[in-house]
Amino acid sequence: MSNGEEKRVEVLTPRDVPLGGPRAMTVRRTLPQRGRTTIGAWCFADHYGPDDVSASGGMDVAPHPHTGLQTVSWLFSGEIEHRDSLGSHALVRPGELNLMTGGHGICHSEVSTPATTVLHGVQLWVALPEEHRDTERDFRHHVPEPVRVDGAGIRVFLGTLPGIGSSPVPTFTPLLGAEIVLAPGTTLTLAVDPAFEHGLLVDQGRVRLEGTALNRAELGHLPPGGDTLTLANDTDDPARAVLLGGTPFEEEIVMWWNFIGRSHEDIVKAREEWESASARFGAVEGYPGDRLPAPALPHAALRPRGNPAHR
């Protein structure tokens, strides 16, 4: 940090969550947590694999809805077939960004392909700000060029990492998303936007973020204020992490199932319209099965949440 202040790294540990119905695969979820709802507008982070899915059947998530958010799919290995109610039919492959916008409403399915033996990646969500949370459906695909610098390989898939690269994919709030692979014994200092807070999710190995050790599947959070970040891999094996960033998201949100709203009533309405097969979400063509039913709502009213500093 250029002003000499100590950087405070908050370490978020994951919890295991089943995903995908009867043949559920287990994912490690680091966002949201009770003490931290968002990092920038990033509001959800699932980390899964490497899983040998040749016998288990892999990922099979039937058509399900989204509101008020964008989904960001990023793979390290394997392949996932994506279909949505916009009519998109795409393959998610390692090193390729698939970003889907479900503002007012969209639905999609995710199925690992028969050729996939090892499935490994992250599924991320971005909360849409109030003025854009009912935006139209959209889908973008982008293949970022890898950049080599100081013993690291970096792919910027969203936003801009100064001196490294930029993604052409538009966002509704200032964001950063990048994959970073560190060779053994590498120390890397990156220029960053001081208005951004950052999160580093470790996929493999161990990475020190500003001197704080992060083990596999842990997410380190740094508040805004610094114009550099220093990452170090002091082990004898390569390490890989995903760097997330953005300006603090000041709005409180309600997250329930696959919906993001601003009130309990928003969620109730979205659920009712999904259950009634409303045109709000459309339909996925080509998925060989039924769509997912919405779970029952909790008995207590859902309350908006934000980060502690935002309350």
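1. Let's start out on the surface: Gly-163 counts as exposed, because its relative accessibility of 86% is over the 50% cut-off. You'll find Gly-163 in the loop that sits between strand E14 (152-161) and strand E15 (165-166). Keep in mind that this is a predicted model.

2. Now for a residue on the inside. Is Glu-197 buried or exposed? With a relative accessible area of 4%, Glu-197 is buried, because that value is under the 20% cut-off. Glu-197 belongs to strand E18, which covers residues 197-204.

3. Next, have a look at the open sheet of four strands, where the order is E5-E10-E7-E8 and the pairing is antiparallel. Strand E5 (60-66) and strand E8 (89-92) are at the edges with a single partner strand each, so one side of each has no neighbour in the sheet. Going from one strand to the next, the twist averages 20°.

4. Strand E7 (residues 80-84) and strand E10 (residues 106-112) run antiparallel and are joined by five bridges. If you want a spot to check by eye, find Arg-83, which stands opposite Ser-109 in E10. As a reminder, strands of a sheet pair through backbone hydrogen bonds, either parallel or antiparallel.

Definitions and conventions:
Residues numbered from 1 in each chain as written. Predicted model: local features only at pLDDT ≥ 70, side-chain atom pairs only at ≥ 80, totals over all residues. Heavy atoms only, no water. Pairing = 2+ DSSP bridges. Helix = DSSP H or I, 4+ residues; strand = E, 2+ residues; numbered from the N terminus. Axes fitted to C-alpha atoms, helices over the stretch in contact; angles between N-to-C directions. Buried < 20%, exposed > 50% of the residue type's maximum accessible area, 1.4 Å probe, protein only.
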